[in-house]
Amino acid sequence: LQHELDKLMGRLQRWYNGYYIGNSGIKIYNPWSVAKFFNNLTTSGDLNAQPYWLQTGDSLALSEYLTPRFKRLESQLTELISGREIEVEIDERTNLSNLNNPYNDSAFWGLLLHAGYLSARSVHRSIDTLAICKVLIPNYEVAGAYIRLIKNYQQDHLLAASDPSLENYKAMLMALRSGNIDKFAVSMQTYMEQAVSFHDIPNKAGHSSGSEIKQEPEKIREQVYHAFMLGT
């Protein structure tokens, strides 16, 4: 029984512990995840740990702020995911205007710390609201979020690099939303040339009558345009 209890405590520590309190060296658990774990254990007997806290929201905002900084911070993120700590400058008064500046990394690290995606093992005051912190990913639960964020970034980056129609597609939607019909018409023509195969727009349309296929006069079918506009 003690062996099973030790295994259970080890699982809880790896998944949900790891948030340091100041420079004391004391760590605390994520109470939400621990409560959810034991609730699930009580109702279903399931001993498997899950990322309960991360299920309470998505990381869309983090992805938005990470994208313009990814190349510059890639080596530091790699260190974090490898389980090592890094030293960063953190702005304790992070706000949206600072985050919208893609070169303000102290605001981004501050967002990660305040949102629970980082734990500060030590904090040393710098100037004003800035502090030099040694930070690390607190536990397995949060590490999974980083892996997912980076995977999504890489997939989006590769898609944009390999598909020249993607940027034009975005420009087309922006023109449509802003009411710039002339630009929309040009972008749509370009998109159709880039993204639609001639197999999608046959030059003959047939219909069945019993066992005989009769051909209508040669024409361009418009179904593909209808589907495209409805999908957009």
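The structure is a predicted model, in which local features need pLDDT of at least 70 and side-chain atom pairs count only at pLDDT 80 or more, while totals for chains, interfaces and linings use all residues. Residues are numbered from 1 along each chain as its sequence is written, and side-chain values use heavy atoms, with hydrogens and water left out.

H1 has 15 residues and spans 21 Å from its first C-alpha to its last, close to the 21 Å expected, where the expected span is 1.5 Å times one less than the number of residues. Its buried residues (under 20% relative accessible area with a 1.4 Å probe, protein chains only; exposed is over 50%, partly exposed in between) are Leu 8, Gly 10, Leu 12 and Tyr 16.

Three of these residues also face a partner helix. Leu 8, Leu 12 and Tyr 16 in H1 meet Ser 33, Val 34, Phe 37 and Phe 38 in H2, contact being heavy atoms within 4.5 Å. The axes of H1 and H2 (residues 31-44) come within 10 Å and cross at roughly 140 degrees, with axes fitted as lines to C-alpha atoms, for helices over the stretch in contact, and angles running from 0 to 180 degrees between N-to-C directions. H1 is therefore oblique to H2, as angles under 35 degrees count as roughly parallel, over 145 as roughly antiparallel, 65 to 115 as roughly perpendicular and the rest as oblique.

Just after H1, Gly 18 takes a positive phi of about 125 degrees. Strands E1 (residues 17-20) and E2 (residues 27-29) pair in the antiparallel sense over three bridges, pairing requiring at least two bridges found by DSSP. Asn 17 has Tyr 29 in E2 as its bridge partner. Six residues lie between the two strands of this hairpin, where Gly 22 has a positive phi near 55 degrees.

Further along, helix H6 (residues 105-114) is mostly covered, with eight of its 10 residues buried, among them Phe 108, Trp 109 and Leu 112. Gly 116 follows H6 and has a positive phi near 90 degrees. Leu 118 sits in the loop between H6 and strand E4 (119-125), and is buried, with a relative accessible area of 1%. Beyond its neighbours within four places in sequence, Leu 118 contacts residues including Tyr 19, Trp 109, Leu 112 and Ile 137.

Key: Helices (H or I, at least four residues) and strands (E, at least two) are DSSP runs, numbered from the N terminus.
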